[in-house]
Amino acid sequence: MTPAPHFPPLQGSLRRVSITRLRAASVVGLVTYAARATLWPDGGGALGHHVFEDAVFNGLLVAGALLCLLRGIWIAEERPAWLTLGTGLAAWAAGTILFSANPASVTGHGFPTLPDGLWIAFYPAAFLTLGLLVGRRTRQFYASVWLDGLVGALAISALAAQLVLPPIVAGTGGDATTVVADLIYPLGDLLLAAFVIGVFGVVGWRPGPVLGTVGIGLLLTTIADGASLYASATGTSSTTLFDVLWPASAVALGWAAWQPTRPSPNVSLDGRRLLVMPWIFGLAALALLAQNIVGPAVHPAAYALAVATTAGVLLRMSLTFSENLTLVARSRAEALTDALTGLGNRRSLLLDVDDAARMAGPHQRYAVLLFDLNGFKGYNDTYGHPAGDALLARLGDRLVETVTNRGRAYRLGGDEFCVLARIDDDTPDPLAGDAIAALAEHGEGFSVTTACGIAILPDEAQDTSAALALADQRLYENKGHGRATGEPDATREVLLQVLREREPDLHEHLHGVASLAREVARGFGLSAEELDTVVRAAELHDVGKVAVPDAILHKPARLDPAERKIIERHSEVGERILAVAPALRPVARLVRASHERWDGKGYPDGLTGEEIPLGARIVAVCDAFDAMTTNRPYQAGTDPESALEELVRHAGTQFDPAVVAVFARLIVRTHRVAA
């Protein structure tokens, strides 16, 4: 349903009725005038001429001006555009009324007369209105687009000076005022038509009801002026069907002011279409300059205007180049900036660490300090994501204040921050301590602290990847050490001890799976908190086996279906055990899914593909590899190459192919396995 125009709340009904009646009256008047012009052009004698050509014609111009002015006065949206267009229409109407009252005021005097000045005032008002309207419908309106109007005016003037000026000068005896009077209106119309078409092209030929109706109204004016010029040159009747186009133009512009505003996406001023107008105008100017070289020589005025057009095109291209450089710089800044905190992001850090690695030397050392917040997830869950975002922004501001003149701060995503600082012969410990203090906040019911990992360039690492990997490893170790006395870690130690007592040989297996899972999870770029959850799930994925009878757990022969069902329940049992501790519930979720298969044939829930949590898919691959390569009392372990081949063979059925790919790269690197 088309939305109605918006009216201010005060006297809304009265205003709506006034506008509706004025629009209706303008349509009735236009239909009446058109009927008389086409069906009875010479009827009514002097009285008919006075009624239609003076009263009705001028009344339609006034109605169009009133509709635009009232739109600008009563509604704030796009007020400058409608007041400008209304003023231009009012000037047109005033000039026509003065001419109707005393035609000799124009025909009996030299150019320009007062009516001429009022009529000409309509052109700049129309240009400015188009610019204001299209500016509101674009995401960004560039200064170079405004220059297209000047370039177009110069190009059209140059063509007119070459093609139209000589015959006019010959016919008028060279009188300057007569030449200007004969040229100014057709030039204004040509430029206005070119500007309307250019604006439609800028908005992708989807001007919408408002801009589209304005464009149609202005084009009707140019057609009417052209028809009038033709009639004057050929001596045909001055009252023709084309005369209807002038009041039709005014009525269309008035109706445009009250077209319903429909929400639509803003148009981007980009692409080759922005260059169409200046290229066309520039080619026209170059054609004139080329003709002046090969002959015959162009008119001096045309030559000067062509040179001015070329200069305008060069200025337009220079502005466009400058605007593009600004856009590139802004895009680069956005690509390297974290939107929430305004700090540099991960990409920015990688670039800066690359530079630091190249410049690092014995007396020019750099420290990479990685930070991860402890307790932020609980704060986020308790107080909500907006509060969590606000906390991250506050901590980021504090970090910037702390490291100013000492280094640069970054946010890597989630609750991870980083500082890159030049330390030369100093130690990074004081800076690390200040940064840790800045990235902490305590309040009623919450406490957010920070773990830190540090790597030194070039003492401990010589390139970006090595420095970040070392800092990340130390961050994880520091984060785990900081929780060593906490409830989650204590619970984990109790459960691991239970497993050691029940299955002494299981400890090495769990440790091996956890080590592999940590490296694979890092390959997926998981945050420190997600990484910690995956490692805990790897350590505790078999905790449910404490509920499996020894006779089944150590049975050397194949299990029967009932025994198999008992074994397959151990992941559910493990989930129930871990879920008792609230802090281990994310771990419990991964433990439950650690025996699912990519093809949906696993247990206990038959999940498929990415329905299985990523952490559980990582644990499944690492568990299988460690199980295949570990020596057991009843079976010797296979070599890493064969185990990896087995994983690859079952990628896409039992295992996630992406996890197997990351795992394979890890094993090739760490176990020197052939790729």
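Aromatic pairs, then. This is a predicted model, and the structure holds six of them. I'll go through two.

Start with tryptophan 92 and phenylalanine 122. Their ring centres are 5.2 Å apart and the planes meet at 50 degrees, so this pair counts as tilted. The cut-off for edge-to-face is over 60 degrees, and for stacked it is under 30.

Where do tryptophan 92 and phenylalanine 122 lie? Tryptophan 92 is in helix H3, residues 79–101, while phenylalanine 122 is in helix H5, residues 114–136. The two positions are 30 residues apart in sequence, so the pair ties those parts together.

Are these two side chains buried or exposed? Tryptophan 92 has a relative accessible area of 9%, so it is buried. Phenylalanine 122 is buried as well, at 3%. The cut-off for buried is under 20%.

Next pair: phenylalanine 625 and phenylalanine 663. This one is edge-to-face, with 4.9 Å from centre to centre and 65 degrees between the planes. Phenylalanine 625 belongs to helix H25, residues 614–629, and phenylalanine 663 to helix H27, residues 657–670. Here the parts tied together are 38 residues apart in sequence. Both phenylalanine 625 and phenylalanine 663 are buried.

Last item, a charge and a ring. Which residue has its charged end over the ring of tryptophan 255? That is arginine 23, and its charged end sits 3.7 Å from the ring centre.

How values were computed:
Residues numbered from 1 in each chain as written. Predicted model: local features only at pLDDT ≥ 70, side-chain atom pairs only at ≥ 80, totals over all residues. Heavy atoms only, no water. Phe/Tyr/Trp six-rings, centres within 6.5 Å; stacked < 30°, edge-to-face > 60°. Helix = DSSP H or I, 4+ residues; strand = E, 2+ residues; numbered from the N terminus. Buried < 20%, exposed > 50% of the residue type's maximum accessible area, 1.4 Å probe, protein only. Lys NZ or Arg CZ within 6 Å of the ring centre and 35° of its normal.
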